[in-house]
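Here is a short briefing to read alongside the model. Keep the viewer open and follow the topics one by one.

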Amino acid sequence: MAAASSRPRAALLVLLAAATLICACSLLKPEETPIDKQENALRLTKEGKHSEAAQAYAELASENPAEHDNYQLLSAEQYVAANNVPAAKQAYAAVSADARIKLPVARALVAAEIAYAENDGARAIHELDTIGAPTAPDQAQNYWWIRGRSAFMTGHPLEGTRALVEREHFLADAAALRSNRDELFNRLKAAAEHGQSLKYPPKTDAVVAGWLDLGPIAVEMARNPLHASTALNNWRRQYPNHPANESTLSTAQAQVQIATEFPNQVALLLPLSGRGEAIGVAVRDGFIAAYLQQDAASRPQLKVYDVAAESVASAYNKAVADGAGFIVGPLTKEDVAAIVPLSHGQVPVLALNFLGDNLPAPRDFYQFALLPEDEARMVAKRVVADGHMNGVVIAPTGEWGTRVTAAFTEELKQLGGSVLDTQHFEPGQVDFSDAIKTAMQVHNVKGEPVTHRTDATFIFVAAGSASTARLILPQLKFHYLDDVPVYSTSESFEPDNAANSDIDGMYFPDMPWMVTNDPVTTQIRDAVRQAWPSRTARRDRLYAFGFDAYRLVPVLRSKGPRDSGDILGVTGKLHLDAGNHVRRDLEWAQIKGGYPNAL
């Protein structure tokens, strides 16, 4: 809980009371006075050296039996600030039962902090309910801070908003007020993204109501700024004196401004005929869907070139001659490589694929792709984060399976894990028993319990398609492997609630377009499907790819995501790396009852 270190310490007033008592005693026994140690502990706290401060307070607790509980609580609190929850719990366990009576506020606040740090918001609120709301500023702002965050954690944004609004009454300076409001804005945006209800009863305080009404708009400002201006202006008219107007909205509005400043003309280079037509058309449709989200008066001129009907070099040169201020495309690796010698930074380019490792990119040449290797690396990171260091891989033969397996294995190894076995299957195969039994060393002897290897704590199924995943996972269960978590990539998921019951329990990363149901993403999906109702849902990820490609144009044209912060796109959270590659952080989900549940 890194944020804990940025606020005043909860038990500071208790500490000062203890210091007064110690100072009075020091007139009689100066050689035993721990004033220097106390000041040292306080200094370490202020310097952010929380682990050292916790140890200093623990020493004071052992040396001063009369103030043992006070110092022990301070030690526990500092361990929480240092993100060392086990040590915090151990320090808290040493506090006597008398603290509930002698130090009720400090004890409850520290207990609530520990509960919140363990992601148990309900327990944190229960601890706070054992005391009344404090009135001393340091303790009160801490009380409402924990209560607000815990309410959001448990899915109660109305109560969370009320608490963080109440906290403002105990904040002394403008910087603290702004920080509190920025946090509330971001928490409401997250609540709206996860589809939580932001409704409020009649006669709700106008400040609280205004914050809750701002939640969906915050998502739209981040995920679809081309469409957000009208909603934001309506909100401002309804709440002209709301505190969010003072500072919180300025940063978000600046990002909206950057995201809507297009050049006069944009060129789109895609294969719209021939073998690549289906993919090119899907990307084009998503691109145009984003274009149509923008107010007609502010849209750039858009020219689309079919690189299957003419050479990509000819299309590129024609786009430059026609006056393009930004070029998006082409789509294949070969076509992207073909325009590199032509691009000299005169017109910025967002290529919709990555160049080979040995091909340097020119100036103002950006690259954006939906790479399965990137997803495989994300899976490896998630596996390790979930505490699983060793496992097996089941993947198809061929280039795709080789790339994904190599990326996953390499990332897992770098993180300290290992792949114990890799088994391959042929595309189109329907019986995976041999691969499963070999990888997991399944022993099934008649009359005896079925056993499998115990050193493998996960199975990575690089299925390559949703239909294949729906065959493999039931066969894993058939071989009594229900107790081993299964991870996969987004290729294993397509929206089909009935068919997806076969992959129940599977963990996978995917783009918000596929697994998020916030109002903004839903509106964008519906707009695309209404514009092109005959398109198959199997192309959804390509529509999203095109949509985000359009959104990236003004950001890359101005300062780039490195300067303007992450972009909350429909293909993921987008950011630019040092090589001008647009990278994505995806949403994690688990299939439950056939539906993707956000993690």
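How many of the 6 residues of strand β1 (residues 265-270) are buried? The count is 6 of the 6, so β1 is largely enclosed by the rest of the structure; buried here means under 20% relative accessible area, exposed means over 50%, and partly exposed lies in between (1.4 Å probe, protein chains only).

This is a predicted model, in which local features need pLDDT of at least 70 and side-chain atom pairs count only at pLDDT 80 or more, while totals for chains, interfaces and linings use all residues. Residues are numbered from 1 along each chain as its sequence is written, and side-chain values use heavy atoms, with hydrogens and water left out.

**The sheet**

- An open sheet with mixed pairing is formed by 8 strands in the order β2-β1-β3-β4-β5-β13-β12-β11. Strands are DSSP runs of E with at least two residues, helices are runs of H or I with at least four, and both are numbered from the N terminus; two strands pair if DSSP finds at least two bridges between them.
- The edges belong to β2 (301-306) and β11, and each has a single partner strand, so one side of each is left without a neighbour in the sheet.
- In a regular strand the side chains alternate between the two faces of the sheet. From β1, Q265, A267 and L269 point one way, V266, L268 and L270 point the other way, and all are buried.
- β1 pairs with β2 in the parallel sense over 6 bridges, and L268 stands opposite V304 in β2. Helix α15 (residues 277-293) carries the chain from β1 to β2 in a right-handed β-α-β crossover, meaning that with the strands pointing away from the viewer, the path from the first strand over the helix to the second runs clockwise.
- β1 also runs parallel to β3 (residues 326-328), joined by 3 bridges, and here L268 stands opposite V328.

- A pocket is an open set of points on a 1 Å grid over the protein atoms alone, where a 1.4 Å probe fits, with protein on both sides within 12 Å along at least five of seven lines; the volume is the space filled by probe spheres set on the points.
- Its lining has 45 residues, and K189, E193, R223, L568 and K573 lie nearest the centre; lining residues have an atom within 4 Å of a point.
- Elements that give two or more residues to the lining include α11 (174-193), α12 (206-223) and β11 (567-568).
- The lining divides into 21 nonpolar, 12 polar and 12 charged residues.

**Salt bridges**

- The count comes to 26 salt bridges, each a side-chain nitrogen of Lys or Arg within 4 Å of a carboxyl oxygen of Asp or Glu.
- R149 and E183 meet at 2.4 Å, N to O. R149 lies in helix α9 and E183 in helix α11, so the pair ties together parts that are 34 residues apart in sequence. R149 is buried at 8% relative accessibility, and E183 is buried at 14%.
- E63 pairs with K37, with the closest N and O atoms 2.6 Å apart. E63 is partly exposed at 39%, as is K37 at 37%.
- A network of salt bridges links K89, E118, D120 and R123.

Methods: Nonpolar A, V, L, I, M, F, W, Y, C, P; charged D, E, K, R; others polar.
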